[in-house]
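Please open the model in your viewer and display the backbone as a cartoon. The stops below proceed strand by strand and then turn to the domains.

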Amino acid sequence: MSSDIFAVMADRRSCKRFSPQPLEMDKVLQVIQAGHLAPSAGNLQNWSFLVITDIEKVRELYHHTLDQEAFLTAPMAIVVCGDVDYAHKMYGMRGKRLYTIQNCAAAMENMLLAAHALGLGAVWIGAFDEDKVSGMFGIPNEAHRPQAILLIGYPDYEVEPKSIRPIQEVVYFNSFGNKVLRPHLIFYDWATEWRNQAQKVRQHLSARKEAIVARKAEEEKHPPKPRENPLVKAKEQIRSAVEKLKKEQYRK
Ligand SMILES: Cc1cc2nc3c(=O)[nH]c(=O)nc-3n(C[C@H](O)[C@H](O)[C@H](O)COP(=O)(O)O)c2cc1C
């Protein structure tokens with residue numbers, strides 16, 4: 001895990017399957033704090049973070065999110081809600097329609113990065129039935145709207161680096177669509193920096209890819225023992241304690 005913000009951004013991927021490893025509440029609180037530190041229009045901070053720790057409710061969300069399987073393994077969900085009333089009061093329709101969405105999106109991105117920096121996996125869920133989700137958790141309709149759901153936990157797999165569009169395709173200079181394919185001819189110093197940074201990210205990603213390939217090859221040679229499910233272990237401990245008590249009672 002690295003605290004270098006560029007490495008965190010380069011490494012982060014959505015996590016869509018979670019392990020049964022218990023999730024520490026202090027890490028979740030740090031993730032929420034990161035969301036709450038996000039920028040917002042006029043510093044409105046018109047978001048709220050509805051933390052769903054009730055695992056049955058997390059599983060129930062599966063049915064209101066186009067059956068997304070990540071809900072079947074995630075240990076926790078955080079519904080980020082926007083206070084549209086407050087934004088409307090302060091900034092009219094632009095506040096209600098645009099700023100609230102952007103504010104919550106900024107909070108979501110901060111949370112994704114914080115989760116990754118803490119060694120957790122997370123995914124941004126935007127596809128869900130707003131009315132059903134509001135109904136499930138008593139979110140007051142109209143005044144507040146669920147904008148996004150963050151699923152969070154420990155990942156159950158190692159994700160591979162994603163392919164990224166060349167930056168020259170998406171950066172324009174001074175006029176929309178005006179690409180600079182050879183930036184070194186115009187801004188020599190910036191171009192050097194740009195190339196160096198791109199080179200660093202490329203090296204980082206290919207080193208990670210190599211590490212994943214090597215780990216997979218090693219796992220094929222020596223398959224790892226299946227991970228112990230802490231819930232099964234706890235159940236087993238309770239069962240043997242009960243057995244012991246029963247035997248003691250019988251002896252008396
Ligand atoms: C606005 C928004 C909505 C998203 N909704 C979903 C979703 O409903 N389900 C899902 O699995 N991923 C969702 N994602 C995650 C994207 O699929 C993911 O970020 C994208 O494929 C890039 O992959 P990466 O996050 O691993 O970089 C959403 C992301 C954003 C920004």
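Select strand β2, residues 76–83, where eight of the eight residues are buried. Strands here are DSSP runs (E, at least two residues), numbered from the N terminus, as helices are (H or I, at least four). A residue counts as buried if 20 or more other C-beta atoms lie within 10 Å of its own, as exposed if 12 or fewer do, and as partly exposed in between, with C-beta atoms placed from the backbone. This is a predicted model, in which local features need pLDDT of at least 70 and side-chain atom pairs count only at pLDDT 80 or more, while totals for chains, interfaces and linings use all residues. Residues are numbered from 1 along each chain as its sequence is written.

Show the side chains of β2 next. In a regular strand, side chains alternate between the two faces of the sheet. Met76, Ile78, Val80 and Gly82 lie on one side of β2 and Ala77, Val79, Cys81 and Asp83 on the other, and all are buried.

Ser48 stands opposite Cys81 in β2.

Now select strand β4, residues 144–153, an antiparallel partner of β2 over eight bridges. Here Arg145 of β4 stands opposite Gly82.

Continue to strand β3, residues 121–125: four of its five residues are buried, so β3 is largely enclosed by the rest of the structure. β3 runs antiparallel to β4, joined by five bridges, and Trp124 has Leu150 in β4 as its bridge partner.

Finally, colour domain 1 (14–158) and domain 2 (160–221) separately; these bounds come from an automatic or database domain assignment. Their centres, taken over C-alpha atoms, are separated by 30 Å.

Note on methods: Two strands pair if DSSP finds at least two bridges between them.
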